Amino acid sequence: MKKIDILNFITDFRRSPNSIKTYRELISHLGTQHEPSINVMLDELQKSKVVKQTELNGEKAYQVISR
């Protein structure tokens, strides 16, 4: 698993550049066995200002803000 897998799932810049995915969608798509590494990668992506944490329908969600 790589950071690019997370970014590719969250958005497709040609089809939906402003797409938002919930944390639950990320975990279910990428696998619950990878949850600890997903959390680490999401933290790194947030610190480098590539992804921002937001809220969607009362749930924690993520949006890509930089290419």
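User: Two strands pair if DSSP finds at least two bridges between them. What order do the strands take in the open sheet here?

Analyst: The order is β1-β3-β2, three strands with antiparallel pairing. Strands (E, at least two residues) and helices (H or I, at least four) are DSSP runs, numbered from the N terminus. The edge strands, each pairing on one side only, are β1 (20–22) and β2 (51–56). From one strand to the next, the twist averages 35 degrees.

User: Experimental or predicted, and how are residues numbered?

Analyst: It's a predicted model: local features need pLDDT of at least 70, side-chain atom pairs count only at pLDDT 80 or more, and totals for chains, interfaces and linings use all residues. Residues are numbered from 1 along each chain as its sequence is written, and side-chain values use heavy atoms, with hydrogens and water left out.

User: OK, how many bridges join β2 to β3?

Analyst: Six, with the strands running antiparallel. Leu-56 has Glu-59 as its bridge partner in β3. The two strands form a hairpin with two residues between them, and Asn-57 in the turn has a positive phi of about 55 degrees.

User: And β1 with β3, how many there?

Analyst: Three bridges, also in the antiparallel sense, with β3 spanning residues 59–64. Ile-20 has its bridge partner in β3 at Gln-63.

User: Which helix packs on the sheet?

Analyst: Helix α2 (residues 23–30), touching β1 and β3; contact means heavy atoms within 4.5 Å. The direction of α2 makes about 75 degrees with that of β1. Axes are lines fitted to C-alpha atoms, for helices over the stretch in contact, and angles run from 0 to 180 degrees between N-to-C directions.
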